[in-house]
Amino acid sequence: SAGVSVATPARAAEGCTEVEVQNVRPGQGRLMVAAYGDATTFNKTPLVAMQMPAGGETMSFTLCNLGKASVALTLYQDLNGNGKLDANVFGIPSEPWGASGKPAAMAAPTWDTTAVPLYGTTIVVKLSK
């Protein structure tokens with residue numbers, strides 16, 4: 001099988017995944033990303049946390065060092081650069097946010113709604129408008 005590439009399964013085995021983020025507000029603030037490995041640490045202690053300048057409306061990047069069979073991603077775009085997801089008086093986020101999996105529209109993400117398997121496919125997250 002000379003010349004056959006197995007890059008995708010190997011990357012998954014290394015605990016890496018490709019992430020595509022849609023609905024980014026181009027050039028505004030930073031994209032903040034957190035990856036969690038289980039329900040106990042969800043929204044407390046991420047396996048990996050990273051931030052990057054908001055680029056185009058769709059951004060793609062690789063997350064590594066996940067080392068789990070499943071991962072849950074939470075993201076937000078820090079428009080004002082204060083390092084946190086701002087919310088209004090009702091607790092509803094006032095900055096674009098998103099999560100992997102199937103987060104509920106009107107509820108905070110949970111491990112059960114956002115966990116996705118790491119099997120070499122791109123995880124697509126659509127930020128709220």
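Here is a quick tour of this predicted model, one topic at a time.

The chain holds two helices and eight strands, where helices (H or I, at least four residues) and strands (E, at least two) are DSSP runs numbered from the N terminus. Of its 129 residues, 36% count as buried; here buried means under 20% relative accessible area, exposed means over 50%, and partly exposed is in between (1.4 Å probe, protein chains only).

A word on the ground rules: residues are numbered from 1 along each chain as its sequence is written, and side-chain values use heavy atoms, with hydrogens and water left out. Since the model is predicted, local features need pLDDT of at least 70 and side-chain atom pairs count only at pLDDT 80 or more, while totals for chains, interfaces and linings use all residues.

**Overall layout**

- Starting at the N terminus, the elements go α-β-β-β-β-β-β-α-β-β.
- Take the contacts (heavy atoms within 4.5 Å) between residues at least 6 apart in sequence: 66% of them join residues at least 24 apart.

**The disulfide**

- A disulfide is a covalent bond between the sulfur atoms of two cysteines.
- The rule used here is a pair of cysteine sulfur atoms within 2.5 Å, and it gives a count of one disulfide.
- That disulfide links cysteine 16 with cysteine 64, at an S to S distance of 2.0 Å.
- Cysteine 16 sits in the loop between helix H1 (7–13) and strand E1 (17–22), and cysteine 64 in the loop between strand E4 (59–63) and strand E5 (70–78), so the pair ties together parts that are 48 residues apart in sequence.
- The torsion about the S-S bond of cysteine 16 and cysteine 64 is about 115°, so this disulfide is right-handed.
- Cysteine 16 is buried, at a relative accessible area of 5%, whereas cysteine 64 is partly exposed at 25%.

**Strand E1 and its partners**

- Two strands pair if DSSP finds at least two bridges between them.
- E1 and E4 run antiparallel and are joined by five bridges; glutamate 18 has threonine 62 as its bridge partner in E4.
- E1 and E8 run parallel, with four bridges between them; here glutamate 20 has valine 124 as its bridge partner in E8.
- In a regular strand the side chains alternate between the two faces of the sheet.

**Threonine 114**

- Threonine 114 belongs to helix H2 (residues 111–114) and is buried, with a relative accessible area of 0%.
- A polar atom of the threonine 114 side chain lies 2.7 Å from the backbone oxygen of threonine 110.
- Beyond its neighbours within four places in sequence, threonine 114 is in contact with residues including Phe42, Val71, Leu73, Ala99 and Pro109.

**Loop residues**

- Most residues other than glycine have a negative phi.
- Asparagine 23, in the loop between E1 and E2, has a positive phi near 70° and is buried at 16% relative accessible area.
- Asparagine 43, in the loop between E2 and E3, also has a positive phi, about 60°, and it counts as partly exposed at 45% relative accessibility.
- Threonine 41 is found in the loop between strand E2 (30–36) and strand E3 (48–53), and it is partly exposed at 22%.
- The C-alpha atoms of threonine 41 and tryptophan 111 are 9.1 Å apart, although the two residues are separated by 70 residues along the chain.
- Methionine 106, in the loop between E6 and H2, is exposed, with a relative accessible area of 76%.
- The C-alpha atoms of methionine 106 and isoleucine 92 are separated by 8.5 Å, and the residues are 14 apart along the chain.

Methods
Polar contact = N/O pair within 3.5 Å; in protein donor to acceptor, adjacent residues only side chain to side chain.
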